[in-house]
Each structure stands twice: as C-alpha cells, then as structure tokens.
Amino acid sequence: MVFFTLSAAAALTVWALRRRPPRATAIGGCLSVLPAAALTLSGLHGAGLPAVYGGAVLAGIAFGAVSQGALRMLLASLDERDRAATLAAYYILSYLSMSLPAVAAGAATQHYGLGTTSHAYAITAALVALAALAALTASRRVAASPEADRSR
C-alpha cells in the first residue's frame, strides 16, 4: 500500500501540475524530497505508519513533479525529429536511476540492516535533490543574465 500511495500521489501530481511552468514544477519537486525523507525516517523512529504514508505521499509528489518538470524542459529544447529517441533514452535512464539504488539498498540491508540503509538512502536522496535544486537555480540565473541574451 505504501508504493501504491506513492504512485497515486505521483500520478495526481503530474495531472495537477500539467499546466505549470516546468522549471518551477521541478524545483517544487526537489524541495518536496527533503520533508519526504524526514517524514519517512520519522516513521522508523516511532512515529509509525501515518508518518510512513505521509512520507510516501510527499515522495510521490516529489517524483511526479520532478519527472514532469525535467521531461518537459528536456523535450521543449529538442527538434521534433529528435524527441522519440531522446524520450526512449530518458526512460531507460529514469528506470535505471530508480531500480539500481533500490537493488543496492536491498543488498545493503542484508549487510547493514534496515535502519542504517534507510538513513543512508534518505540522506543520499536529499543530497541529490539539493544538487538538482542548485543546478536548476544556477541554470535559471544563467538564462536570466544579460550575457545569455547577447550570446543568443
């Protein structure tokens, strides 16, 4: 049910944000990762299932927003003839970026336990979200700078 909750929240987020600017959507998604990780970890520290489900909802919102924002930014920058191949590559990389960490976490759980692995996974997800947020912010500044206007 936790994964259903995450997936349902992601699907609803994609639908709800379909007309929002993609960069703002991606930034909001990155910001949602931080409380999602904290809420999910609080479930391991006694807050129980409501915290785990709340973390799943926030993680789904983050996933839906980041996926939609990134995909829309990527596809908007391409010629129509390049979109199909790029979309195929995007989905391959997307599924690898979701599945390989999950498999690694499963293996790490066997060696380090669920608690340690969960903390490492949440911290890594938060750091990746912060790095993506920094990259989105930096690219916004570059796009808004006067030098960027002159180079076009």
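Let's start with H3: this helix gives 6 residues to the lining of the second largest pocket, the largest share. Helices here are DSSP runs of H or I with at least four residues, numbered from the N terminus. A pocket is an open set of points on a 1 Å grid over the protein atoms alone, where a 1.4 Å probe fits, with protein on both sides within 12 Å along at least five of seven lines; lining residues have an atom within 4 Å of a point.

Quick note on the source. This is a predicted model, where local features need pLDDT of at least 70 and side-chain atom pairs count only at pLDDT 80 or more, while totals for linings use all residues. Residues are numbered from 1 along each chain, and side-chain values use heavy atoms, without hydrogens or water.

Back to the second largest pocket. Its volume is about 190 Å³, counted as the space filled by probe spheres set on the points, which are joined across faces, edges and corners. It has 13 lining residues, and Val-14, Phe-63, Ser-67, Gln-68 and Tyr-91 are the closest to its centre. H1, H3 and H4 each give two or more residues to that lining.

Now the largest pocket. It holds about 2,000 Å³ of space. 49 residues line it, with Leu-6, Ala-59, Met-98, Tyr-121 and Ala-125 nearest the centre. Helices H1 (2-16), H2 (22-47), H3 (49-76), H4 (80-112) and H5 (114-144) each supply two or more. H5 has the largest share, 14 residues.

What about charged residues in this lining? There are none: the lining has 38 nonpolar and 11 polar residues.

Notes
Ala, Val, Leu, Ile, Met, Phe, Trp, Tyr, Cys and Pro count as nonpolar, Asp, Glu, Lys and Arg as charged, and the others, Gly among them, as polar.
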